[in-house]
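Biologist: Could you walk me through a few spots in this model? I am still learning how to read one.
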Amino acid sequence: MTVDSSMSSGYCSLDEELEDCFFTAKTTFFRNIQSKHLSKSICRAVEETQRPPTLQEIKQKIDSYNSREKHCLGMKLSEDGTYTGFIKVHLKLRRPVTVPAGIRPQSIYDAIKEVNLAATTDKRTSFYLPLDAIKQLHISSTTTVSEVIQGLLKKFMVVDNPQKFALFKQIHKDGQVLFQKLSIADCPLYLRLLAGPDTDVLSFVLKENETGEVEWDAFSIPELQNFLTILEKEEQDKIQQVQKKYNKFRQKLEEAIRESQGKPG
C-alpha cells in the first residue's frame, strides 16, 4: 500500500484544477493541450512505498481514531487484521451523468438482493448531480478506490464507465484547498485511519477523470446528443440574460434622458 511522503508534492490548488484539469458542459470542451501537460506536471503525485503496519500498530491507531470520533462512526478491528469503518465522499461532478430513464430509485430491498435496476431498461437520460452531494460509505480496509467508485456509481444508478471518474483526497493547507488524485489500488479507509476522523484534515472527492485530451470515443451517441442539448439550452439562457441586462440599461438611459429633457435649461 502506498501513502504520500509529502503533503504538498503532487497536489494542485482548486483554482489551478478548475482552469486546467476539467472540461464541463457549461464551458468550452476544448482545452489547450500544452496547459494539460503543464497541469499534469504540476499535479503529478509523489509516492513512497512503506512497510505494512503491524497488527498492534493498527490496533493502536484504531483506538486513537475511535477516541476522537464524535459521531458513532468508529472503526472495528477483525481478528484477521482487517478493519471496517466509514468514509464520506463529496460528489463534485461538473459534467452530466447518464442514468436509466424512468427507473425508480433503488430501495433497501434491491440493495440487499443486489438488483441491478439499470439493466432493466435500455433507455438513458442525463442530468447534473448536485455539487454539494455527499455519500457515506461503510467499507473495509481492503476496499480499493476502484471499488469505491463503482459502489458510488451503483448507488446513484449511474451507468457511465467507471474509468470516467477518479477519487481525490482533499486537504486544506495555507488557506488553499488542495487535491491529489488517488490510485485505483489505494485503500481509502487506510488513508482515513492515518489522517484521523477530522474531515478538515482529509476528505474524499469524486470528480471526472481528466488525464489529457477529451476521449470522445468513450462517450455514447446519446451522451453526446445530451451534451449538445444542454449546450443549446445554456446558450439560450445566456442570450436571455444578456438581453435582460441591456434592456435594463436601456430603460435607465431612457429615464435619464426624459429627466434631463424635463428640467428647465
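Biologist: Where does Met157 sit?
Modeller: In this predicted model, Met157 lies in the loop that runs between helix 5 (145-155) and strand 9 (165-173).

Biologist: And is Met157 buried or exposed?
Modeller: Met157 is buried, because its relative accessible area is 13%, and the cut-off for buried is under 20%.

Biologist: What about its backbone, what is phi for Met157?
Modeller: The phi of Met157 is positive, at about 60°, although this residue is not a glycine.

Biologist: OK, on to Asp174, which loop is that in?
Modeller: Asp174 is found in the loop between strand 9 and strand 10 (176-181), and its phi is also a positive value, near 55°, in a residue other than glycine.

Biologist: Buried or exposed, that one?
Modeller: Asp174 counts as exposed, since its relative accessibility is 74% and exposed means over 50%.

Biologist: Switching to Pro53, where is it and what does it touch?
Modeller: Pro53 belongs to the loop between strand 3 (47-49) and helix 3 (55-68), and, if we leave aside residues up to four places away in sequence, it touches Ile58 and Tyr190. With a relative accessible area of 26%, Pro53 is partly exposed.

Definitions and conventions
Residues are numbered from 1 along each chain as its sequence is written. This is a predicted model: local features need pLDDT of at least 70, side-chain atom pairs count only at pLDDT 80 or more; totals for chains, interfaces and linings use all residues. Side-chain values use heavy atoms; hydrogens and water are left out. Helices (H or I, at least four residues) and strands (E, at least two) are DSSP runs, numbered from the N terminus. Buried means under 20% relative accessible area, exposed over 50%, partly exposed in between (1.4 Å probe, protein chains only). Contact means heavy atoms within 4.5 Å.
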